[in-house]
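User: I would like to learn how to read the core and the helix packing of a model. Please take the features in turn.

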Amino acid sequence: MWPEQAGEASGALRALVLVVLGTALMTLSAKVNLPLPYVPITLQTLAVLMIGATYGWRLGSATMIAYLAEGALGMPVFAGPVGGLAPLLGPTAGYLFGFVLAAFVTGFLAERSWDRSATWLFVAMAIGHAVIFAAGFGWLAFGTGLGVGKAWLVGVVPFMAATLVKNALGAALVRAARRLADRRG
């Protein structure tokens, strides 16, 4: 969405600015949350998938890694006013690490023109959501010892309806941004 310019320095600056903007979006999206006992409902998955779709798999994944690193260093970037290692080791860990894989998958599909159609972009984002859920569910079930049944009830079921809305909203917003960018340049 930001035109690439010639030169290694300008490319590095562009990437740095986009990563900073992406981690800021992730932080803001984490602060819009509905606390639940194990994992809060946030706008983070919407942000992850939009970043993956617009940045591509390389920069999208790098942005998620930078976001996790900011949190690990103690910056209050996660849901609630928290940073540090606790969220990366607690019930939300699987979802947080799933963000990296979801940005990778969504970005990979977008780079193969899945972002040129709202329907295909919705599907790409649904696949990205499935990756996040699989990582989160797996960690809740086996990493924290909740077991499969309880992990499903607290880590997947409460998020299903919101996931469909986020996929539709994300696909619409990315497509609208692409149309706007195409008109401008």
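Predicted model: local features only at pLDDT ≥ 70, side-chain atom pairs only at ≥ 80, totals over all residues.

User: Which residues of the largest nonpolar core touch the most other members?

Analyst: In soluble globular proteins, nonpolar side chains tend to be buried together. A nonpolar core here is a set of buried Ala, Val, Leu, Ile, Met, Phe, Trp, Tyr and Cys residues joined through side-chain atoms within 4.5 Å. Buried means under 20% relative accessible area, exposed over 50%, and partly exposed in between, with a 1.4 Å probe and protein chains only. The largest such core has 40 residues, and Met-26, Val-48, Met-64, Tyr-67 and Phe-99 touch the most other members.

User: Which elements give two or more residues to this core?

Analyst: They are α1 (8–31), α2 (44–72), α4 (93–110), α5 (118–143) and α7 (160–184). Of these, α2 gives the most, with twelve residues. Helices (H or I, at least four residues) and strands (E, at least two) are DSSP runs, numbered from the N terminus.

User: What is Met-64 in contact with, beyond its neighbours within four places in sequence?

Analyst: Contact means heavy atoms within 4.5 Å. With those neighbours left aside, Met-64 is in contact with Met-26, Val-48, Ile-51, Phe-99, Val-100 and Ala-103.

User: Is Gly-56 buried or exposed?

Analyst: Gly-56, found in helix α2, is buried because its relative accessible area is 4%. Not counting residues up to four places away in sequence, Gly-56 touches Ile-51, Ser-61, Ala-103, Gly-107 and Glu-111. For Gly-11, in helix α1, the relative accessible area is 31%, so Gly-11 is partly exposed.

User: How are α4 and α5 oriented to each other?

Analyst: Two packed helices are described by the angle between their axes and the distance between the axes. Axes are lines fitted to C-alpha atoms, for helices over the stretch in contact, and angles run from 0 to 180 degrees between N-to-C directions. Angles under 35 degrees count as roughly parallel, over 145 as roughly antiparallel, 65 to 115 as roughly perpendicular and the rest as oblique. The axes of α4 and α5 come within 8 Å and cross at roughly 155°, and α4 and α5 are therefore roughly antiparallel.

User: Which residue types make up the contact of α4 with α5?

Analyst: There are 17 nonpolar, five polar and no charged residues. Ala, Val, Leu, Ile, Met, Phe, Trp, Tyr, Cys and Pro count as nonpolar, Asp, Glu, Lys and Arg as charged, and the others, Gly among them, as polar. Thr-106 of α4 has a relative accessible area of 0%, so Thr-106 is buried. Leaving aside neighbours within four places in sequence, Thr-106 is in contact with Leu-49, Gly-52, Ala-53, Ala-124, Met-125 and Gly-128.

User: At what angle do the axes of α5 and α7 cross?

Analyst: They cross at roughly 135° and come within 9 Å, which means that α5 is oblique to α7. Residues of α5 including Leu-121, Phe-122 and His-129 meet residues of α7 including Lys-166, Val-174 and Arg-175. The contact of α5 with α7 divides into eleven nonpolar, four polar and two charged residues.

How values were computed. Residues numbered from 1 in each chain as written. Heavy atoms only, no water.
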